[in-house]
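Hi everyone, thanks for coming. I'd like to walk you through one protein today, so please have a look at the sequence and the model while I talk.

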Amino acid sequence: MKGDFLVIEGIDGSGTTTQKKLLCEWLEDREEEVVSTHEPTREEGRIGNIIRNRLVQDKYDYSPETIALAFAADRLAHLEDRIIPALEQGKTVISDRYYHSSMVYQPEHGADIEWVKKINRYARKPDVTIIIDVPAEESIKRQMDRDGGESSIIFENLEFQKGIRKRYVELEEILDENIYIIDGNRSIEEVHKDILEVIKRELKE
Ligand code: ADP
Ligand code: TYD
């Protein structure tokens, strides 16, 4: 593949949307053609849209295995019709979330991690994966500030986010690929600078 495939991951509120945007702008300033994307996919008619509206919004009423299969199907479709064609044209693709999310969220809900890994085995490895690591308390604070949210679910959510954070950090040992864990508990500019250092080193010429 000619283009670079970059993935940004992290717990909700860790800053993936913010950092993806800054990275895209930096790449575009260098005249790179960038495709900025996201999982679950959002566009009308996509599997990700069904997941968003039916599976996740209904508070995970379905089993974690059913949800894992839906995310995996969304991912392969996303690869086939968006990611791979862009990489073949030499574009840089940046995805906010990828199979790493499935390997932390669905096991945290009870799915077997090895099985989740297996059902994602046809999803090509990213060239670089950045995991933004932020304490659960900080990520919840950021989400509350962003969404002006209610605090009623905060304690339930805190324990869950702590579990997710731990699983993210452990991924580095489980997956044989190019993963960088970046300390996200600093200013937006400092985190961006660290991400750039990785990207400058890793981008294909
Ligand atoms: P995510 O996409 O991971 O859920 P966002 O990028 O939407 O997270 O960030 C969540 C909120 O936190 C936003 O309001 C954003 O402006 C803010 N934020 C992002 N990064 C930082 C940071 N390093 N320090 C403080 N606030 C941040
Ligand atoms: P996301 O769209 O990033 O959240 P939002 O747009 O609401 O900020 O993701 C929705 C949720 O889906 C998020 O909590 C992570 C979860 N998720 C999984 O559980 N498994 C997956 O494979 C993916 C891609 C996301």
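**Starting from a strand**

Let's begin with strand β1. Phe5, Val7 and Glu9 point one way from β1, while Leu6, Ile8 and Gly10 point the other way, and all of them are buried. In a regular strand, side chains alternate between the two faces of the sheet, so that's the pattern to keep in mind here. β1 covers residues 5–10, and six of its six residues are buried, which makes it a mostly covered strand.

Before I go on, a quick word of caution: this is a predicted model.

**Who sits beside β1?**

Which strands does β1 pair with, then? One is β3, residues 92–96, joined to β1 by four bridges, and the two run parallel. If you want to find that on your screen, look for valine 7, which stands opposite serine 95 in β3. The other is β4, residues 128–133, which pairs with β1 over five bridges, again in the parallel sense. There, leucine 6 stands opposite valine 128 in β4.

Now hop over to β3. How many of the five residues of β3 are buried? Five of the five, so β3 is largely enclosed by the rest of the structure. Thr92, Ile94 and Asp96 point one way from β3, Val93 and Ser95 point the other way, and all of these are buried.

Strand β2, residues 34–38, pairs with β3 in the parallel sense over five bridges. Valine 34 stands opposite threonine 92 in that pairing.

**Zooming out**

Okay, let's step back and look at the whole thing. The protein has eight helices and five strands. Reading along the sequence, you get β-α-β-α-α-β-α-α-β-α-α-β-α. The radius of gyration is 16 Å, close to the 17 Å that the globule rule gives for 205 residues, so the protein is as compact as a globular protein of that length.

What share of the 205 residues counts as buried? That comes to 47%. As for contacts, take those with a separation of 6 or more: residues 24 or more positions apart account for 77% of them.

Most residues other than glycine have a negative phi, and most peptide bonds are trans. Let's look at some exceptions.

Where is there a cis peptide bond? Go from glutamate 39 to proline 40: that bond is cis, with omega near -5 degrees. You'll find proline 40 in the loop between β2 and α2, the helix at 47–56.

Then there are two positive phi values. Glutamate 31 has a phi near 70 degrees, and it isn't a glycine. Glutamate 31 sits in the loop between α1 (16–29) and β2. Arginine 97 isn't a glycine either, and its phi is about 80 degrees. Arginine 97 lies in the loop between β3 and α4 (99–108).

So are these two buried or exposed? Glutamate 31 is exposed, with a relative accessible area of 73%. Arginine 97, on the other hand, counts as buried at 12% relative accessibility, because the cut-off for buried is under 20%.

Asparagine 49 is in helix α2, and it is buried, with a relative accessible area of 15%. Leaving aside neighbours within four places in sequence, what does asparagine 49 contact? It's in contact with Thr41, Arg42, Glu43 and Glu44.

Alanine 86 is in helix α3, which spans residues 64–88, and at 6% relative accessibility alanine 86 counts as buried too. Again skipping neighbours within four places, alanine 86 is in contact with Val35, Lys91 and Val93. Alanine 86 and glutamate 33 are 53 residues apart along the chain, and their C-alpha atoms are separated by 9.3 Å.

Methods
Residues are numbered from 1 along each chain as its sequence is written. Chains are lettered from A and ligands numbered from 1 in the order in which they are written. Side-chain values use heavy atoms; hydrogens and water are left out. The radius of gyration is taken over C-alpha atoms; the globule rule is 2.2 Å times the number of residues to the power 0.38. Buried means under 20% relative accessible area, exposed over 50%, partly exposed in between (1.4 Å probe, protein chains only). Contact means heavy atoms within 4.5 Å. Two strands pair if DSSP finds at least two bridges between them.
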